Amino acid sequence: MKKTLQLLAGLWSVLWGVAIAETGSGTGVGWGALNMPAGVTPLSHDIHDLHMKILGICVVIGVVVYGILIYSLIHHRKSKGVEPAKFHENTKWEIAWTIFPFLILIWMAFPATQAMIKVYDTENSVMTIKVTGYQWKWRYEYLTDGLGKGIDFFSSLDAKSNEARQLGSKIDPTTVEHYLLNVDNPLVIPANKKIRVLLTAVDVLHAWWVPEFGWKKDAIPGFVTDGWINVEKPGIYRGQCAELCGRDHGFMPIVVVVKTEEDFKKWVDGQKAKQDAGKLDPGKMLTMDELMSKGKEVYASNCAACHGAEGEGMGAFPAIKGSKVATGPLSDHVKLVLNGKATMPAFKEQLNDVETAAVVTYQRNGFGNNKGDSIQPADIQALK
Amino acid sequence: MSATTHDETHAHGDAHEHHDHGPAKGFMRWVTTTNHKDIGTLYLITGLIMFFVGGAMALVIRAELFEPGLQYVDPHFFNQMTTLHALIMVFGAVMPAFAGLANWMIPMMIGAPDMALPRMNNWSFWLLPFSFVMLASTLFMDGGAAAAGWTLYPPLVLQTGNALPFTVFTVHMLGMSSIMAAINIIVTVFNMRAPGMTMMKLPLFVWTWVITAFLLIAVMPVFAGAVTMLLTDKFFGTSFFNAAGGGDPVLYQHLFWFFGHPEVYILILPSFGIISSIIPTFSRKPLFGYSSMVYATAAIGFLSFIVWAHHQYTVGMPIAGELYFTYATMLIAVPTGVKVFNWLATMWRGAMTFETPMLFAIAFVVLFTMGGFTGVMMSISPADLQYHDTYFIVAHFHYVLVPGAVFALFAATYYWLPKWTGHMYDERLGQLHFWLTTISVNICFFPQHFVGLAGMPRRIPDYAVQFAEFNALSSVGAFVFGFSQLIFAYVIYKAIKGGVKASSEVWEGAEAHGLEWHLPSPPPYHTWTEAPAQEIISDLH
């Protein structure tokens, strides 16, 4: 009995020893993933301080409570030949241990209230970004004049992580840089500016969370929630969706690149130029090969999660291989992709005309469907 | 296997009470029984079976999370596992096990011959096996089982395939069963106490169950209503939770947690009662602060109704709501603290021995308190903006539910098993079970605090590589924990089969702690057909 107790105590101190020794290394790799990051925004500092304060109070109370328990376990045992006492109440003590915790709670409530008031103070922001959750990607829209208004893009898991995370991919995740925490198009924001973040979703609940910014908030379809960030130093900050949103909930990371004001302006100009270049001449005719290869890409990042990499379908999600839609009338197929149906999202806003034409063509001719027809980007506009 | 027990019980019962009639023979005995002990046994065995079913699902989860990357299951199946693991552990393992203890012990503890409504008692049990078969069958349906988490949040849960209505009907049946069990307990305790057994003399286990029963009656209909609204949203064109039709998905969360928060106390209050029975016995002292224990339980029960939205700090409530729910939630620490201090004071200057029930009870006090600390941390709404939906939360609620509720059930089983079977359990195996379980449960859940704080969201089948080491450790703990429970099942089996005969008192000095220790071990099929003598009741403390 005594030996086992010692063994347990030993294990415990080893675990805590590791914990304390590694705390300094923050959120690095290995055993360093231990504590809430202090973060890079005023809110994250306040919340980290609050967390450490409450944790400290709990540790102190814990030491007292467990200390008394351990003393009692050692000294008040029958094998020591003690006679049990007979007392079964003590009003003074009972009042004391009701009042005392209450006072500690009041002491905790003050900083908690202050921090919460700060969290809710979204006034005087200089920039607004709208974040929309989709199954399973994020859309970022810049709403402020002069600070990127008009920029609008989707952000999904990067291709390397996506390849490695497939069941049976045989790719070692440790060889993938920022595995599951990397995206194709990160959100880019300027440092040292109070930015209001508006959150919503189109399909199910999501939650936008970058731990270094100090908070998360739910994105709710049909409603708008908000929060604010003011990042002190340029850098790259990573987070994830935090509200279960279906099959690929674990695979819709958030990456925020924080730039100096100057670099941000450059990025805005570059991004606008890129966005304009992306608007392809609607009159341009694409060859079947061009449509198929583009379609394959679009399919992999937008459709495969539900309909399967080989169009084989998955549970409630129907197969595309041999489906009535993909082998039926072309315009019905395009309309389904554009407008969605039941749990299938509308892709009207997610895909441009070229991408829509390509993916529809790919679905009709890939997976052994061999329908033989195709559609040009110019014809998509007519069906919108 | 339990038939043996009761055949012996029968013989024993005849020896003591000659005009007594024993149980019917064979399988139909268990189908038609209205005996509180038989029904208690059925509940307990169901709880144990479902504990292993839910545990197997947990091991699927922990196997997939052993290392980064997807190795074994599709993410959609993973989500079905997390959903069913929780539903089965809550409604299939812990709640039936507590109902089983209530059925076995409450009549024996209050000096009543049986439960007040024995036929309804039979029905409330027999709804369960059918519910769980139906729930399990959803795994094989088109689209798989519900995969939106045990909270069944819309709109995600509305993407469930054919399983949705069956999941909802399961909830309805489980709710009916719980409400009937709750009514039965309340009616029994209020009407069938032996003369002299006043309310303030009731064992704490009975008190905590009465308060639990009121919680059940109050909140199960709310849950049933909320899931019915899901059903009509999905199939009958309503828009309770659909913004496009004027509804609100967050409304569901308020309804769910108005049920869900009292529900977590439904899972823990009877544990408090069990621990309050065991610690005095093995400390050889009366329970410290009996009346403050009763008031604290009632206070926790009341507070449980007014704190629900602390599960929703991130939905964007008005700040007044955030602050109100923060303060109200923090208050729970006061009565819970009173309980912990009272247990410490009960042990203080006692003459403790450390048989398996006491070991589990002490581990409960230590580890439940740990869950209480993280609970206080999470009540602080700004900090919860970081903790919410991470593994920190997973660690917290597993600390209060596994070394909390489940340890209390282990403690109760070891404590009363000699009474039920008439045989002492194997103390050496019991201690082995205790140490393996206690060490592995901490290896499993303690590291989850770290990864949660460092940024690992819950309900994900795969994770970034910086979380790998602690997840591997956690999975090792989970597997050791899971397989250690086979020892528990074997100890029960062995005690039913035979062993050292238990006296009626079983534990030294236990007679002073409850009426059940004045009955033979095992007790006859019908007990307290005549009320216990006044002096027995007045000597209890």
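Buried means under 20% relative accessible area, exposed means over 50%, and partly exposed lies in between (1.4 Å probe, protein chains only). Keep that in mind on this tour.

This is a predicted model, in which local features need pLDDT of at least 70 and side-chain atom pairs count only at pLDDT 80 or more, while totals for chains, interfaces and linings use all residues. Residues are numbered from 1 along each chain as its sequence is written, chains are lettered from A and ligands numbered from 1 in the order in which they are written, and side-chain values use heavy atoms, with hydrogens and water left out.

**Stop 1: B:Leu156**

Select B:Leu156. It sits in the loop between α5 (118-137) and α6 (163-191) of chain B. Helices here are DSSP runs (H or I, at least four residues), strands are too (E, at least two), and both are numbered from the N terminus. Is B:Leu156 buried or exposed? B:Leu156 is buried, because its relative accessible area is 8%.

Now show its contacts (heavy atoms within 4.5 Å). Leaving out residues up to four places away in sequence, B:Leu156 touches A:Gln135, A:Val204, A:Leu244, A:Cys245, A:Gly246, B:Ala147 and B:Ala148. Then find B:Ile537, 381 residues apart from B:Leu156 along the chain; their C-alpha atoms are separated by 55 Å.

**Stop 2: where the chains meet**

Colour chain A and chain B. The contact takes 102 residues from chain A and 106 from chain B. About 9,100 Å² is buried between the two chains, and carbon and sulfur atoms give 74% of this. Buried area is the accessible area (1.4 Å probe) that two parts lose on being put together, summed over both. Pick A:Phe87, A:Trp97 and A:Leu244: they supply 8% of the area that chain A buries against chain B, more than any other three residues.

Next, select B:Asp74 and A:Arg247. Their side chains meet in a salt bridge (2.7 Å, N to O). The rule asks for a side-chain nitrogen of Lys or Arg within 4 Å of a carboxyl oxygen of Asp or Glu. It finds two salt bridges across the interface of chain A and chain B. Which element gives the most to the side of chain A that touches chain B? Select α2(A), which gives 15 residues.

**Stop 3: domains of chain A**

Select domains 1 and 2 of chain A. About 1,000 Å² is buried between them, with 63% from carbon and sulfur atoms. Highlight A:Val40, A:Thr41 and A:Leu43, which supply 48% of the area that domain 1 buries against domain 2, more than any other three residues. The count of salt bridges between these two domains is zero.

**Stop 4: the nonpolar cores**

A nonpolar core is a set of buried Ala, Val, Leu, Ile, Met, Phe, Trp, Tyr and Cys residues joined through side-chain atoms within 4.5 Å. The largest one has 263 residues; A:Tyr142, A:Trp208, B:Phe91, B:Leu101, B:Tyr252, B:Trp343 and B:Trp416 touch the most other members. Which helix gives the most to this core? Show α4 (residues 75-110) of chain B, with 23 residues.

Zoom in on A:Trp208. Beyond four places in sequence, its contacts include A:Trp138, A:Tyr140, A:Phe213 and A:Trp215. Finally, select A:Cys303, A:Leu351, A:Ala358 and A:Ile380. They are among the 22 residues of a second, separate core.
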